[in-house]
Amino acid sequence: MKNADYLTGITTSGTPHLGNYVGAIRPAVETSKNPDLVSYYFLADYHSLIKNYDPGLRKQSALEIAAAWIALGLDYENCVFYRQSDIPEIPELTWILTSVTAKGLMNRAHAYKASIEQNQEQGHKDLEQGITMGLFSYPILMAADILMFNARKVPVGKDQVQHLEMTRDIAARFNHVYKKLFILPEVVVDESSAVLSGLDGRKMSKSYNNFIPLFDTQKNLKKMIMKIKTNSLGPDEPKDPDTCILFSIYKAFASESETMELAERYRKGIAWGTMKQELFEYIDEILKNPRKTYEELMKNPFDIDVILKKGAIKAREFSVPFLEKIRKTIGIQSIG
Ligand code: TRP
């Protein structure tokens, strides 16, 4: 197995939603099919440990996310699709990297700083209250995910850019202290890939609880879309597409010409009821077949396990010998 041209991880702490699809899954599915690229996609289950302490939720989330990616067409034969926890070399590398990482670098991490600020705002005396070492040092685990496969490019959302900068810092530090083993990975923030609005108009996100699940029943999908907030303009009044949640969701799925056509109908006046019905039908058409596959997979989780285990075997063709090389480089080897 070759090192990764593309690599990205998905934290297993929630249910996959429409925002995940347009932001991460759809572009990854495209890349996964490219025969000229080696792309690695993995379920970041160790990362989810710092988000919640619910074993059932973690397991269910891994199952749902894996099933969703497969159902939406991930080419798991061509790419490398695995669970982080099936690669024991990753936590091992995490410790090796931890020992070359400056604590000051971690002090600057946004997620950590946000938790400190939150404690401040809430008037806690101890500003470190509730902050685990996992939260504090998780950028190092993320660096290990990436450096374990010497990934060249890492597609992520904007909120992860700082972690990629840290990964480069950590890699450069290791290369300087020991030997040049790591490629410095490049971050890829796809500005064109859509950020979807949620039910309340803020970014669709698990943290805001404003999301539409990808694979709920057809009936519930319709119910969710009908619930999206609109203004009180009457059916025939002209409407502004650019400030409308329904329109922005449609745009994320439709082609450019379809989007332009709809914008025109907005300006002429379209009834909210009609628009909601059409949006539902449009999305349902896209999800109809994947939903069937998803439901089949959820009934047969063993099949998903087999796919992930095969992926781990492929991934370890790279990580096992590479970690061996890293260990030798740092003087952890047979002493005979
Ligand atoms: N931390 C990332 C997120 O919350 C997920 C992730 C874990 C990841 N390891 C990674 C992304 C490695 C890219 C590469 O979105």
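Colleague: How many residues apart in helix 12 are Lys299 and Glu296, and what separation along the helix does that give?

Modeller: Helices here are DSSP runs of H or I with at least four residues, and strands are runs of E with at least two, both numbered from the N terminus. Lys299 and Glu296 stand three residues apart in helix 12, so about one helical turn separates them. This is a predicted model, in which local features need pLDDT of at least 70 and side-chain atom pairs count only at pLDDT 80 or more, while totals for chains, interfaces and linings use all residues. Residues are numbered from 1 along each chain as its sequence is written, and side-chain values use heavy atoms, with hydrogens and water left out.

Colleague: In what kind of interaction do the side chains of Lys299 and Glu296 meet?

Modeller: A salt bridge places a side-chain nitrogen of Lys or Arg within 4 Å of a carboxyl oxygen of Asp or Glu, and Lys299 and Glu296 meet in one at 3.3 Å, N to O. By this rule the count comes to eleven salt bridges.

Colleague: Which parts of the chain does the pair Asp45 and Arg83 link?

Modeller: Asp45 forms a salt bridge with Arg83, their closest N and O atoms being 3.3 Å apart. This pair links distant parts of the chain, 38 residues apart, with Asp45 in helix 2 (residues 45-48) and Arg83 in strand 3 (residues 80-83).

Colleague: Is Asp45 buried or exposed?

Modeller: Buried means under 20% relative accessible area and exposed over 50%, with partly exposed in between (1.4 Å probe, protein chains only). Asp45, at 8%, counts as buried, whereas Arg83, at 25%, is partly exposed.
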